[in-house]
Amino acid sequence: MSQPLISITMSAFNIEKYLRACLDCIVNQTLRDVEIICVNDGSKDRTPAILNEYAANDSRIKVIDKSVNEGLAVARNEALALASGKYVGFVDGDDLLDRDLFRKAYECAEKAESDLLFWDYVTFWNVDEIDGKAQQPSLLRGVDPSNKIELLNRPAFAWTKLIRTEKAKELGVSFPVGLTYQDIPVHWKLVTQLDRITLLPERLSYYRQQPEATTHKTGWKRADLAVVMDMVGQYLHESGLYGTYRDLFLRQQLEMLCGIYDVVDPSLKTKASSLIDDRIGKDQMQYILSGKPLRWQARDFYLARQGSYFAGLRRSLWLISRCLYRSLKPMKENDNRF
């Protein structure tokens, strides 16, 4: 059997509500020469039955059926280890994608002899939103693919990338186990280690928004952002790249730490404050005080913690205005999100 052009990997956990729509997008891709590796990550609903149904009707589908839920990172790592395609791509089982995505991505990557290719995406609550949003100009237009700083500022989502499988395995790409936001360290490693990078400036992935998602919750899993940024910092130091990417790393770390505090449940604020204190060292304070790029809300957050009256006042006014804005938003916006 010849090597597939692309290994499409998908992890699924208790997503029977969305899974058929996602699988339909995958099996009906206009690029046919693909293998489809689906990992059922210990689902307790009809997810495994749906995967097996599709596998029975499509020989390209291989189902890994796990009895215990071990998390997205483990599922992705297992699928990557099995990938035999020239390139590998990731799909989350509750999302949707353009049916030309992998054909366009493959042709673009081959033409440029790429090791890593990015495309753009849209977010949606209702499927009716997709067509209009997908036609909006891509934010990748005009971006220089050799500008690694600009690429590292892009969202880290694994499902907006096509990776040469050989390179992924050479680099030892591995998603950190047990953490949310596990795409971030992988994103940093790929961008900083690979030079043949190509951009496909079209919105071809459709990112479903749902209240059940971790990114819409206020529990302590939000603090995983701090841990994955610790991993990025460690990687940069160990690879001798910290000096090159120091400012960008510090900016992202500081903004994410502030974001954790702002989003977590009030009962977790003290715990979040301690987590932040543990990570504010000399480099972080120098950056905060330097005037280098940093969201003003984040800068005021840290300055207020250092005792600045005016930073604290600005922050209080901003929090009040944000609370008022959210309370005045019509509830109807949330009525038809599915």
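## Where α8 meets α9

Let's start with a pair of helices in this predicted model. On the α8 side, I184, P185, W188, K189, T192 and Q193 make contact with L225, V228, M229, M231, V232, Y235 and L236 of α9. Helix α8 covers residues 183-193 and helix α9 covers residues 224-238.

How do the two helices pack? Their axes lie 9 Å apart, at an angle of about 25°. Angles under 35 degrees count as roughly parallel, so α8 and α9 are roughly parallel to each other. Their crossing is right-handed.

## Helix α10 and its contact with α11

Helix α10 takes in residues 242-263, and helix α11 takes in residues 269-277. The axes of these two helices come within 9 Å and cross at roughly 170°. With that angle, α10 is roughly antiparallel to α11.

## Helix α10 and its contact with α13

Helix α10 also packs with helix α13, which is made up of residues 296-305. Here, too, the axes come within 9 Å, with a crossing of roughly 75°. The pair is therefore roughly perpendicular. From α10, the contact uses L254, E255, L257, C258 and Y261, while α13 brings in Q297, A298, F301 and Y302.

## Two loop residues with positive phi

Now for the backbone. E113 is not a glycine, yet its phi is positive, at about 55°. This residue sits in the loop that links α4 (101-112) and β6 (116-124).

Y181 is another non-glycine residue with a positive phi, in this case near 60°. You will find Y181 in the loop between α7 (165-170) and α8.

## A nonpolar patch on the surface

Finally, which residues form a nonpolar patch on the surface? They are Y309, F310, L313, L317, I320, L324 and L328. Together, these residues have about 800 Å² of accessible area. One of them, I320, belongs to helix α14, which spans residues 309-328.

How values were computed: Residues are numbered from 1 along each chain as its sequence is written. This is a predicted model: local features need pLDDT of at least 70, side-chain atom pairs count only at pLDDT 80 or more; totals for chains, interfaces and linings use all residues. Side-chain values use heavy atoms; hydrogens and water are left out. Patches are made of residues with over 30% relative accessible area and no salt bridge: like charges are joined within 9 Å, nonpolar side chains (Val, Leu, Ile, Met, Phe, Trp, Tyr) within 5 Å. Accessible areas come from the Shrake-Rupley method with a 1.4 Å probe; for residues, only the protein chains shown count as cover. A salt bridge is a side-chain nitrogen of Lys or Arg within 4 Å of a carboxyl oxygen of Asp or Glu. Helices (H or I, at least four residues) and strands (E, at least two) are DSSP runs, numbered from the N terminus. Axes are lines fitted to C-alpha atoms, for helices over the stretch in contact, and angles run from 0 to 180 degrees between N-to-C directions. Angles under 35 degrees count as roughly parallel, over 145 as roughly antiparallel, 65 to 115 as roughly perpendicular and the rest as oblique. A crossing is left-handed if the near helix is turned anticlockwise from the far one by less than a right angle, and right-handed if clockwise. Contact means heavy atoms within 4.5 Å.
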